[in-house]
Amino acid sequence: MRTTRRTFVQASLAATAAATLLPISLRAQQGSPARRPIPSTREEIPIVGLGTWITFNVGGDPVLRDECAGVMAAFFEAGGRMIDSSPMYGSSQPVIGYGLQKLGRPSALFSAEKVWTSSGAAGPPQIEQSRRFWGVPKFDLVQVHNLLAWKAHLQTLFQMKAAGAVRYVGITTSEGRRHDLIEQIMRNEPIDFVQFSYNVVDREAEARLLPLASERGIAVIVNRPFRQGALTDRLKREPLPEWAREFGVSSWAQLILKFILSHPAVTVAIPATTRVDHVRENLSAATGPMPDPAMRERISAHVKAL
């Protein structure tokens, strides 16, 4: 990516923010996951959530549904709140609904859903169908998935928010796509959340999107923190550096999450998993000390060199 004066200045501002804001931007009780405020309301949420892409697409298999419910149970027990899904994710929505029902509909839930249809008129019925799958009175957050028909859906969502039918409005992308359009919407629309990919090797968002989110007061959800498992699979045969233990981590997944979560513009990361031990491991990354800007660069350089 070509470095311009603008991107250099924005990256410098982001580094300064990381140095000055990190000590006060995290709120946690001992043993509980740290929280960050949603800028538009100051409501605080835990900085690790739960994604459901692929992992919760298990159809009607009763054994696999119970396994997903077990993951959700461990997530809530460890202090998690945000669960993120989409109509694009196969059977994930009814599987979430099954789990919520089995768990007695935990009051801690922060429900993050998406609208994903090329028809603006089809948006409201799709959102209502998603709500029924989850079995919730209303969603906390609804996002326009991958910017599909984003103008029409944002107007629908803003109207729903004004009517009290949804609490927050957002947009999403992934894998570094359409960042120019994401930036345009962030600058011009009163959204509460933006979701995109960011991790220790995919750092394009640091140049423009993360500084802009801070400037505009937009909460950031990070997807694909492990590159859908490819990053942790690549690293699992490598020894964890001894200096990483300064942050109380015992795995590459935790170190990668600490890198992401230590950026002051990140509100929550949403790793997906099918395993109870992994969801507990992920939530543990939201506790204890976080790397400072110099250590973040050390982590990134070390991973890229492996």
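User: Is tryptophan 53 buried, partly exposed or exposed?
Analyst: This is a predicted model, and the answer rests on values computed from it. Tryptophan 53 has a relative accessible area of 36%, and since buried means under 20% and exposed means over 50%, the residue falls in between. Tryptophan 53 is therefore partly exposed.

User: Which class does the pair formed by the rings of tryptophan 53 and tyrosine 89 belong to: stacked, tilted or edge-to-face?
Analyst: The structure holds 7 aromatic pairs, and in this one the ring centres of tryptophan 53 and tyrosine 89 are 5.2 Å apart, with the planes at 50 degrees. Planes under 30 degrees apart would count as stacked and those over 60 as edge-to-face, so the pair of tryptophan 53 and tyrosine 89 is tilted.

User: How many residues apart are tryptophan 53 and tyrosine 89?
Analyst: Tryptophan 53 lies in the loop between strand 3 and helix 2, whereas tyrosine 89 lies in the loop between strand 4 (82–84) and helix 3 (92–102). The pair thus links distant parts of the chain, and the two are 36 residues apart.

User: Is tyrosine 89 buried or exposed?
Analyst: The relative accessible area of tyrosine 89 is 9%. Because the limit for a buried residue is under 20%, tyrosine 89 counts as buried.

User: Which residue lies over the face of phenylalanine 259?
Analyst: Phenylalanine 259, in helix 9, is buried, as is tyrosine 198, and these two form a tilted aromatic pair at 5.9 Å centre to centre, with 40 degrees between the planes. At 4.2 Å from the ring centre of phenylalanine 259, over its face, lies arginine 296.

User: Is threonine 55 buried or exposed?
Analyst: Threonine 55 lies in the loop between strand 3 (50–51) and helix 2 (62–77). Leaving aside residues up to four places away in sequence, threonine 55 touches Cys68, Ala272, Thr273 and Thr274. Its relative accessible area is 13%, so threonine 55 is buried.

Definitions and conventions:
Residues are numbered from 1 along each chain as its sequence is written. This is a predicted model: local features need pLDDT of at least 70, side-chain atom pairs count only at pLDDT 80 or more; totals for chains, interfaces and linings use all residues. Side-chain values use heavy atoms; hydrogens and water are left out. Helices (H or I, at least four residues) and strands (E, at least two) are DSSP runs, numbered from the N terminus. Buried means under 20% relative accessible area, exposed over 50%, partly exposed in between (1.4 Å probe, protein chains only). Contact means heavy atoms within 4.5 Å. Rings of Phe, Tyr and Trp (its six-membered ring) pair if their centres lie within 6.5 Å; planes under 30 degrees apart count as stacked, over 60 as edge-to-face and the rest as tilted. A charge sits over a ring if NZ of Lys or CZ of Arg is within 6 Å of the ring centre and within 35 degrees of the ring normal.
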